[in-house]
Amino acid sequence: MPAERIDGVAIAARVRAKVAVDAAALKASHGVTPGLTVVLVGDDPASAVYVASKEKACKEAGMNGETIRLAADTPEAELLAVIDRLNADVGVHGILVQMPVPKHIDAQKVIRRIDPRKDVDGFHPVNAGKVLIGDADGFAPCTPAGVQVMLIESGVDTSGKEAVILGRSTIVGKPMAALLIQSGKGADCTVTICHSRTKDLAAHTRRADILIAAIGKPEMVTADMVKPGAVVIDVGINRVDDPTAKKGYRIVGDVKFDEVSQVASKITPVPGGVGPMTIAMLLANTVRAARLTVGA
Ligand code: NDP
């Protein structure tokens, strides 16, 4: 029987609707409108699209969404000064510097400059540490946080399950593992992280009750690598040439969807799976950051 599709668009819409309710409640109770400021350095077209969608999503949820656009040659010191100003602005609850930043800017320096209480991307080492120790005050990076919400919302019982994560990046793989090893809802997993040096990848993936692919390799995970009945979450977003497509390319995940969906019990599509969750969780983190400022 083909796998049930986990509908990221629908789950993200529910998260966003709740964010809107929470934002309105905070405004009514404390006169505070949650605000996210995104800083975009340079004119990378893909980044510009992401940033515009974040601003739009904020507004749709009744939040303040502002974008500060800086020229590609903006000196690092100038960007740091903008962050200092936003850190001090009580109307700004979340700050996000769109990555990647131009090469002359040290991305780690930028991330570390953001007040951890406003780091709604969850990239600051303070938040990485909090997520690892299971401190509920921390902000988890939006993509793995979104995957966890998808597992919960689609009724996956994670407790005691073997979760295998492909990829060890600081924005997806590592925080994903940190979330799944905690005790509690959507967690309590036994976690394995695989990466490019892992030997016999398929031996690991075939053990997975929950398989999360975040490697950036188009359709690398094939049906023979998946245990029958596994839940498969595909984080990958890859562009592949397709002369039959209008734009000359199409977007695929890290999982060969057609064949893996014949083996898995549940699976996320690409697009329409994990992707929409990332912005939804960014909004959720921003509302939580705003609530924390008033102790609500
Ligand atoms: P990175 O390139 O930072 O990390 C990729 C990871 O995959 C690395 O740990 C790498 O190992 C590992 N890897 C690469 N090739 C293999 C292989 N053949 N076998 C096993 N492991 C491998 O990518 P990100 O984590 O940033 O992103 C991963 C994917 O998720 C991309 O397609 C990206 O576009 C997508 N993405 C989607 C998001 C969404 O909103 N849905 C958000 C963020 C990312 P090593 O460390 O050894 O190099």
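## Terms and model

In what follows, Ala, Val, Leu, Ile, Met, Phe, Trp, Tyr, Cys and Pro count as nonpolar, Asp, Glu, Lys and Arg as charged, and the others, Gly among them, as polar. The structure described here is a predicted model.

## The sheet and its helix

Three strands form an open sheet in the order S3-S2-S4, and their pairing is parallel. Strand S3 (64–70) and strand S4 (94–97) stand at the edges with a single partner strand each, so one side of each has no neighbour in the sheet. On average, and with direction ignored, neighbouring strands of this sheet are turned by 15° against each other.

Strand S2, which covers residues 35–41, pairs with S4 in the parallel sense over four bridges, and Val39 has Val97 in S4 as its bridge partner. Helix H2, residues 45–60, packs on the sheet and touches S2, S3 and S4, while the direction of H2 makes about 155° with that of S3.

## The cavity

Rolling a probe the size of a water molecule over the atoms shows where empty space is left. In this model the count comes to one cavity of 30 Å³ or more, and about 60 Å³ of space lies in the largest cavity.

The lining of the largest cavity is made up of Ile95, Leu96, Val97, Met99, Val110, Ile111, Ile114, Asp119, Asp121 and Phe123. S4 and helix H4 (107–113) each supply at least two residues of this lining, and the largest share, three residues, comes from S4. Sorted by class, the lining of the largest cavity holds eight nonpolar residues, no polar residues and two charged residues.

How values were computed
Residues are numbered from 1 along each chain as its sequence is written. This is a predicted model: local features need pLDDT of at least 70, side-chain atom pairs count only at pLDDT 80 or more; totals for chains, interfaces and linings use all residues. Side-chain values use heavy atoms; hydrogens and water are left out. Two strands pair if DSSP finds at least two bridges between them. Axes are lines fitted to C-alpha atoms, for helices over the stretch in contact, and angles run from 0 to 180 degrees between N-to-C directions. Contact means heavy atoms within 4.5 Å. On a 1 Å grid over the protein atoms alone, a cavity is a set of points where a 1.4 Å probe fits but cannot get out, and a pocket is an open set with protein on both sides within 12 Å along at least five of seven lines; lining residues have an atom within 4 Å of a point. Grid points are joined across faces, edges and corners, and a volume is the space filled by probe spheres set on the points.
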